[in-house]
Amino acid sequence: MATTATAPTTKSWGGGKSPFNVEYGKVMMWYFLMSDAFTFGAFLISYGTIRFSTNGWPDPNEVFKSFPFAPEGMNAPLVFVSIMTFILIISSVTMVLAVQAGHNMDKKGVVKNLIWTIIGGIAFLSCQAWEWNHLHHEGAWWGSNPFLNHDGTASSTNFTNYFFTITGFHGFHVFSGVIINIIMLIMAMTNKFEERGHYLMIEKAGLYWHFVDLVWVFVFTCFYLI
Amino acid sequence: MSHTAEHNEHAGGGTKEIIRITVILTVLTIIELIIGFWMIDIPLSSVGVRLALKGTIVILMMAKAFYIVAYFMHLKHEMKNLIMTIVVPLALFIWFIIAFLYDGNSFKNLRNTYDPYFKEQSTIKVEKKEHGAAEKHEGAKEEGKKASH
């Protein structure tokens, strides 16, 4: 790749300004995301520990088999959650495109792609709201688990507790990401970035948004696939 | 500051790279889903096959995570020092995962060995009745109503 031609001239810090060759805010965003990664990691590892310490666990294909507007008792495992996953991946792609448009000082491109990203985020949140509502109607909530284990034995409430806590925490991150993106959109539309002469702020919002997508990769695997 | 930052930002591969990564992420997700659908029909008794498929899904998950962090979050094109600052602390997760999952598994084995009640409870099959599910459904609704009032 052509990275060598444009890469920073030094490979390690020899003193002077900006050791990482990125601006202060971006370094701090990375550190925040690292701490957030540990929070989500702790949640997911705790979930794994509990799952490893019990003999049975509900079958995700049995629990997550419904679809909006589908008739009662329809069996469509994995379908709805794959749509949610693709929504988040595509919104991540539009965010990259917005960041790239920012580099080229292309205000129109930034606004267009940010709007798509926001739409993707809202679509994901709507899907999650529907799923939570559906599971709640089936009797699943914190402290109540109507589903049996995969082998037909009675299951504990650990499954629903972890599911709602972790997807809820992730959903809250998506929600704050949408709010941040809306703020970025307003700033872009009111020419705040044009006045500053750079769109670096979009990048930090982008990092956060990609992190939300990254966490979903793990949540999706741990709860819906495995 | 803006000079050095800009210098660095253009190190990426541009739109072509974005398209390439999008395709890779999509393909990896589709493979994951195919394995997921495949696993539905594999009985619980074939533990080895299920474990192997789950392991494959986890490897695919790590690959997806790599592509998102390296290219979408641009970490691959950053300076080595920044990459190390981010990646090295996260290596703690390797130990966390091994230690905690091992601990959970050990706790299960201990309980299965020394706690006959626990062992017995996890072998009693519960009758899956649509009727029972409906009752629970009603119960949950009533509870919800009570909570909202």
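Modeller: Let's start with a term: a residue is buried if 20 or more other C-beta atoms lie within 10 Å of its own, exposed if 12 or fewer, and partly exposed in between, with C-beta atoms placed from the backbone. This is a predicted model, where local features need pLDDT of at least 70 and side-chain atom pairs count only at pLDDT 80 or more, while totals for chains, interfaces and linings use all residues. Residues are numbered from 1 along each chain as its sequence is written, while chains are lettered from A and ligands numbered from 1 in the order in which they are written.

Colleague: OK, what share of chain B is buried?

Modeller: Chain B has 149 residues. Counting its buried residues gives 15%.

Colleague: Which residues of helix 2 of chain B are buried?

Modeller: This helix covers residues 14-40 and reaches 40 Å between its end C-alpha atoms, close to the 39 Å expected at 1.5 Å a residue; the expected span is 1.5 Å times one less than the number of residues. Its cover includes helix 3 of chain B, plus helix 4 (79-103) and helix 8 of chain A. The buried ones are B:Ile21, B:Leu25, B:Glu32, B:Leu33 and B:Gly36.

Colleague: Which helix gives the largest share of the side of chain B that touches chain A?

Modeller: Two residues are in contact if their C-beta atoms, placed from the backbone, lie within 7 Å. By that rule 60 residues of each chain take part. On chain B they divide into 32 nonpolar, 17 polar and 11 charged, where Ala, Val, Leu, Ile, Met, Phe, Trp, Tyr, Cys and Pro count as nonpolar, Asp, Glu, Lys and Arg as charged, and the others, Gly among them, as polar. The largest share, 11 residues, comes from helix 2 of chain B.

Colleague: How do helix 8 of chain A and helix 3 of chain B lie, roughly parallel or roughly antiparallel?

Modeller: Axes are lines fitted to C-alpha atoms, for helices over the stretch in contact, with angles from 0 to 180 degrees between N-to-C directions. Under 35 degrees counts as roughly parallel, over 145 as roughly antiparallel, 65 to 115 as roughly perpendicular and the rest as oblique. Here the axes come within 9 Å and cross at roughly 175 degrees. The two helices are therefore roughly antiparallel.

Colleague: How far apart are the end C-alpha atoms of helix 6 of chain A?

Modeller: Helix 6 has 32 residues, 158-189, so at 1.5 Å a residue it should span 46 Å. The model agrees, at 46 Å.

Colleague: Last one: is A:Val27 buried or partly exposed?

Modeller: A:Val27 is in helix 2 of chain A. Beyond its neighbours within four places in sequence, A:Val27 touches A:Phe20 and A:Val22. With 18 C-beta neighbours inside 10 Å, A:Val27 counts as partly exposed.

Notes
Helices (H or I, at least four residues) and strands (E, at least two) are DSSP runs, numbered from the N terminus.
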